[in-house]
Amino acid sequence: MARLVAVQQQTQPSFSLLPSSLSDFNGTRLHSQVQCKRRVWQTKGALQVSASSSKNILIMGGTRFIGVFLSRLLVKEGHQVTLFTRGKAPITQQLPGESDQDYADFSSKILHLKGDRKDFEFVKTSLAAKGFDVVYDINGREAVEVEPILDALPKLEQ
C-alpha cells in the first residue's frame, strides 16, 4: 500500500542588510534604488560667546581641571575673575605651551579669596561684600554647600 504525502512549501520574506539593489521577497525579485546623501560636517571655528559688558565673576575652586582653562578664558574676555580656594595650592600655574607673557598677564589679573566653603558664615559675609554677578561652582557637591552662596548674592545673574 502506498501513502501519498503532500508537502506545502512555505516561503518567508527574507531581508538582507547587505548593500545590494536586489532583494528576494517571497520569491519575487525586487529592484530598488536607495540613494543616501551624506552630509559632510566641516569645522566652522570655535563657538564664540561673549558678554555685553565686563562681569565680576567668582569661580569656586578653579585651580585644577576645567577651572584652570575657564579662568583664563574669562580673563581674556575682559572679566574680573576671583578664585575661591582653600589656599592649599598656588592659584596660578603656567600651562605647557603657554608663553611667559600670557602667563604673566593672566596671573596679574586673577584675584584670590581664601577660605573654607564649609564655613558658611565666612562664605556669606565675604561674598556679599564682593557682589559677584556670576558664579561658577565647579566643586559644589551638596545643596547645603551652595545655599550660602545663593544667600550671599541675592542679585546673582548666573
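Colleague: Where is the place of Lys55?

Modeller: Lys55 is in the loop between β2 (28-31) and β3. Helices here are DSSP runs of H or I with at least four residues, strands are runs of E with at least two, and both are numbered from the N terminus. This is a predicted model, where local features need pLDDT of at least 70, side-chain atom pairs count only at pLDDT 80 or more, and totals for chains, interfaces and linings use all residues. Residues are numbered from 1 along each chain as its sequence is written, and side-chain values use heavy atoms, with hydrogens and water left out.

Colleague: What makes Lys55 buried?

Modeller: Its relative accessible area is 16%. Buried means under 20%, exposed means over 50%, and partly exposed is in between (1.4 Å probe, protein chains only), so Lys55 falls in the buried class.

Colleague: Which residues does Lys55 touch?

Modeller: Leaving out residues up to four places away in sequence, Lys55 touches His79, Gln80, Asp133, Val134 and Glu157. Contact means heavy atoms within 4.5 Å.

Colleague: On to the rings. Why is the pair of Phe84 and Phe122 called tilted?

Modeller: By the ring rule, the count comes to 1 aromatic pair. Phe84 and Phe122 form it, at 6.3 Å centre to centre and 45 degrees between the planes. Rings of Phe, Tyr and Trp (its six-membered ring) pair if their centres lie within 6.5 Å, and planes under 30 degrees apart are stacked, over 60 edge-to-face and the rest tilted.

Colleague: Which residues make the contact?

Modeller: Ser71, Arg72 and Val75 of α1 meet Tyr103, Phe106 and Lys109 of α2.

Colleague: What makes Arg72 a charge over a ring?

Modeller: The charged end of Arg72 sits over the ring of Phe106, 4.3 Å from its centre. The rule wants NZ of Lys or CZ of Arg within 6 Å of the ring centre and within 35 degrees of the ring normal.

Colleague: Which residues are buried in α1?

Modeller: Gly67, Val68, Leu70, Ser71, Arg72, Leu74 and Val75. The elements that cover them include β3, β4, α2 and β6 (134-137).

Colleague: What about Phe65: buried or exposed?

Modeller: Phe65 is exposed, at 63% relative accessible area. Phe65 is in the loop between β3 (56-60) and α1 (66-76), and has a positive phi of about 55 degrees although it is not a glycine. After α1 comes Gly78, whose phi is positive, near 95 degrees.
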